[in-house]
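Before this model is used further, please read the points below against the coordinates.

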Amino acid sequence: MYADENVIKIKHEVLYEVAKHAFAGDLEEARDHIPMDLLPGPTPRFRCCVYKEREILRQRIRLAEGKAPGMEDTGNVIQVITSACEDCPISSYVVTDNCQNCLGKACINACNFGAISAGEHRSHIDANKCKECGKCAKSCPYGAIAHLKRPCKFKCPVNAITYNELGISVIDEKKCIRCGQCIHSCPFGAIGSKAYIVEVIRALTEGKEIYAIVAPATEGQFGEGITMQSFREAAKKLGFAGLIEAGLGGDMTTASEAEEWLEAYKNGEKKTTSCCPGFVNMIRKHYPELAGHISTTVSPMCAISRYVKSQHPGALTVFIGPCVAKKSEVVDQQIEGNADYVLTYSELRAILRAKNVVLEPKANTYQEASVYGKRYGNAGGVTASVLEYMKETDQECDAKVCTVNGAADCKKALLLMKVGKLPEDFIEGMACEGGCVGGPSRFEEIASAKKNRDALLSQADDRRIVDNLKNYPMDAFSMHRDHE
């Protein structure tokens, strides 16, 4: 899934340099020097010339600062770095060596745009004339014309990526669900997301009361020895006032979600979960007629943020996890009381590195969530938690739940609901395969992280969801999108 290691290394170096200078307070002066420090030249490392490489770094720096990479800002948290995208092949259809240069010239006859001409050894497609209709490929008796679908476009689950007249990828705002799958699929590293690094560091250096909220998917991502306590102590060293695991928000969301499901079941209504912002964006943009079926319960991230702000008025909250769409939940969905900032794991690592703070193995002693809340990071975790809560409160029902993960399966379930043929009563949808643990900015692959994650979760106590929530002032804040 992930792009070339060189691309990832460059991304991390830029994030680190921005974080380092943001802490030092000299980012304004250093901004123009970072590209030359990282790429002194004169020999280029990957591109045609060092000057183009530096321009790409300048655009990456702008993204790291939370800005659009170019002059035009579409408002999307996911942006195309145009100077890097220029290196991607423009033509989607190319004639391969399998071309026999036959007399029939079926490809030329099939093209309605005069884009194909006969060559000395094989036919040639003019990328400037080609409209990518595919008729030439279908007509060739030798199958000699290949369709080269760009990795970003191939990976996009909602067909939100097209090309402009210059061959640069364009993200359609009306279709994009901000899932971030395109980011790590691009071998040129030409797509990235705006970062909140500078804003978070500014809040830390100014001594503001700021709390970290760590995603349930975090446990196991950095090795078995890196526990929630490891993150808690690292956060303190960075200057955070505190850290809370979002799994507690999972318990909070569970209680509210269960009540909604029970009411909907009694009324014969179907509901979808609201925890995954990518899934919610998919419904609102591609199945708007189903928007009324989205649960009004806020996500675990928002639940913890509201809880913190109810106890610490004026405090800021930062969510940390593998999800790019969480940035969209903050920017696009604009739910009152939600987290103020979102950091991916790579962005957090840049901040840690800039302050010389290391995640150290610690005893697995910090726990605020039930195991069910911790499992919110896994596909099916929401359903398991809601059913457990119903059991604990003696409200069990015969409702059936369609648990889907990965955009393709989400679309199938939503289509069935749209046409009235969904056999289940509810849909638990997660845009990433495997759930949040499969997020685009995860630190480890799902398989390699599973062993560590299972080991850590096996050490958690067996507290009940209902009993756990008695320890928190649930009446001090709303669990619904009251003012969205």
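1. Leaving aside its neighbours within four places in sequence, T272 is in contact (heavy atoms within 4.5 Å) with E257, F279, I283, H293, I294, S295, M417 and I427. T272 sits in strand β11, residues 271-272, where strands are DSSP runs of E with at least two residues and helices are runs of H or I with at least four, numbered from the N terminus. T272 counts as buried because its relative accessibility is 1%, the scale being buried under 20% relative accessible area, exposed over 50% and partly exposed in between, with a 1.4 Å probe and protein chains only.

2. This is a predicted model, in which local features need pLDDT of at least 70 and side-chain atom pairs count only at pLDDT 80 or more, while totals for chains, interfaces and linings use all residues. Residues are numbered from 1 along each chain as its sequence is written, and side-chain values use heavy atoms, with hydrogens and water left out.

3. How many cavities of 30 Å³ or more does the model hold? The count comes to eight, a cavity being a set of points, on a 1 Å grid over the protein atoms alone, where a 1.4 Å probe fits but cannot get out, with lining residues having an atom within 4 Å of a point. Grid points are joined across faces, edges and corners, and a volume is the space filled by probe spheres set on the points. The largest cavity has a volume of about 300 Å³; 24 residues line this cavity, and C275, C276, P277, K326 and C436 are the closest to its centre. Helices α12 (277-286), α13 (300-311) and α14 (325-331) each supply at least two residues of that lining.

4. The lining of the largest cavity divides into 19 nonpolar, four polar and one charged residue, where Ala, Val, Leu, Ile, Met, Phe, Trp, Tyr, Cys and Pro count as nonpolar, Asp, Glu, Lys and Arg as charged, and the others, Gly among them, as polar. The second largest cavity, of about 110 Å³, is lined by 14 residues, with C99, C102, C107, S123 and C140 nearest its centre.

5. The largest pocket (an open set with protein on both sides within 12 Å along at least five of seven lines) holds about 520 Å³ of space. Of its 27 lining residues, K11, H12, L15, H184 and S346 lie nearest the centre, and α1 (5-24), α4 (50-64), β8 (191-193) and α15 (345-354) each give two or more residues. Helix α1 gives the most, with five, and the lining as a whole divides into 13 nonpolar, seven polar and seven charged residues.

6. Strand β12 (residues 316-321) runs parallel to β13 and is joined to it by four bridges, with I320 opposite L343. In β13 (residues 341-344), Y341 and L343 point one way and V342 and T344 the other, and all are buried.

7. G189 lies in the loop between β7 (169-171) and β8, and counts as buried because its relative accessibility is 0%. Neighbours within four places in sequence left aside, G189 is in contact with V7, K11, R60 and I81. G189 and I8 are 181 residues apart in sequence but 7.8 Å apart in space, C-alpha to C-alpha.

8. Which residues of helix α19 are buried? They are A449, N452, R453, A455, L456 and L457, and what covers them includes α16 (371-374).

Key:
Pairing = 2+ DSSP bridges.
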